[in-house]
Amino acid sequence: MSIPAYSQLVLSPKEAEDFNPFEHPEYWKEVQYSNQVPVAVRFTHREDREMALSVMKTLEIAWALQIGKMGFLPPFAADPTGEDKFQVFLIRGLKPAVEVTGPVVRPDVSWKTAYLSYMVVNAWGQYAGSALQSTLQHEFNHALQAADDWNEPGSIFEMSSNFIQEKIRPGENPDYHIEIKDFQSHPEKPVHLYDDYKSYFMYGSYIYLSFLEQNYFSKDPHFLAELWEGARGPATWIDSLNKMLPNGKTYIDTVVEFARWRFDGDRSLSLPEEHPA
C-alpha cells in the first residue's frame with residue numbers, strides 16, 4: 001500500500017481499510033503526552049497540536065469519569081513503544097474506533113477475555129466538531145470494555161458506549177435520532193440483537209440500559225462497570241446482569257417490563273417523528 005508523504009497523511013477509504021498505525025512509526029513524529037493519565041496522542045502535522053491538546057483534555061475527563069468515578073478498569077495499552085501508555089492516533093480519513101492487537105498475557109490478569117487496545121480518531125470528520133467530545137467518550141468506553149471482555153457481541157459494545165456518551169455528553173450525538181428510530185421501530189427484535197451493523201439498532205438499544213438504571217439500580221450509572229466486570233471470562237453480560245438484579249429478577253423479566261416502559265414510560269424515548277436536518 002502506498003502511504004502519503006509524512007506531511008500529507010490523509011487516508012482514502014481504501015487505504016484506511018488496511019492501515020495499521022503501529023506499522024508506520026515514521027508518521028508519528030509528533031506526540032502529546034498527558035500529565036494526568038497514561039495516554040499519548042500521536043499525530044503527523046505539527047499544526048495539529050492544538051487539536052491533539054483538545055483530544056487529550058477530553059480523554060483526561062473520560063478517564064476521570066469512567067474510571068475514577070464509575071469504576072471501570074483502565075485499558076490495557078497496546079503500546080510497542082514500551083511507554084505503557086494508551087495510544088491514540090489522529091488520522092484524517094479513518095472512522096473513530098478502538099482496535100485491539102491481541103489478548104492480555106499477564107500474571108495478574110486471570111481472565112482470558114482482556115485485550116490490548118488503542119484508539120484512532122479522525123478529529124476533523126463526521127463525528128468531530130461539536131460532536132467530538134461525545135464521540136471520544138463513546139470510543140474510550142470501548143477501550144474499557146476490551147479490558148474486561150472483548151469476546152462479547154457487538155450489540156453490548158454499542159449499547160454500553162452509547163449509554164456512556166448520553167450520560168456524559170447528552171444531546172451531542174449527531175446520530176441520536178436515527179439510532180432511537182431504528183431501535184424503537186422494531187420492538188419485536190431482541191434487545192441484545194447483533195445485526196452486524198446493518199442499521200443503528202444496536203446503538204439505539206442503549207435505552208434498555210437507561211431503563212435498568214432507572215428501575216433497578218437507583219438511577220446510579222455505576223452499575224455498568226459492575227456489569228462488565230461480571231462478564232469477564234466465560235460469563236456473558238446477561239449472566240452478569242442476572243447476578244446483579246434484585247429480588248430474583250432475570251434478564252427475561254426485565255425485557256418484558258422494558259417492552260411497556262420503552263413507549264409508555266419516558267416519552268422522550270418514544271419513536272421520533274422525523275430525523276432532524
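The model is predicted, so local features need pLDDT of at least 70 and side-chain atom pairs count only at pLDDT 80 or more, while totals for chains, interfaces and linings use all residues. Residues are numbered from 1 along each chain as its sequence is written, and side-chain values use heavy atoms, with hydrogens and water left out.

**Fold and surface**
- The protein has 10 helices and six strands, taken as DSSP runs (helices H or I, at least four residues; strands E, at least two) numbered from the N terminus.
- Of its 277 residues, 52% count as buried, meaning under 20% relative accessible area with a 1.4 Å probe and protein chains only.
- Among contacts (heavy atoms within 4.5 Å) with a separation of 6 or more, 65% are between residues 24 or more positions apart.

**Residue T44**
- T44 lies in the loop between β2 (39–43) and α2 (49–69), and T44 is buried, with a relative accessible area of 4%.

**Largest pocket**
- The largest pocket has a volume of about 940 Å³, a pocket being an open set of points on a 1 Å grid over the protein atoms alone, where a 1.4 Å probe fits, with protein on both sides within 12 Å along at least five of seven lines, and the volume being the space filled by probe spheres set on the points.
- Its lining, counted as residues with an atom within 4 Å of a point, has 36 residues, of which K95, P96, A97, E139 and Y203 lie nearest the pocket centre.
- α3 gives the most to this lining, with five residues.

Key. Buried means under 20% relative accessible area, exposed over 50%, partly exposed in between (1.4 Å probe, protein chains only).
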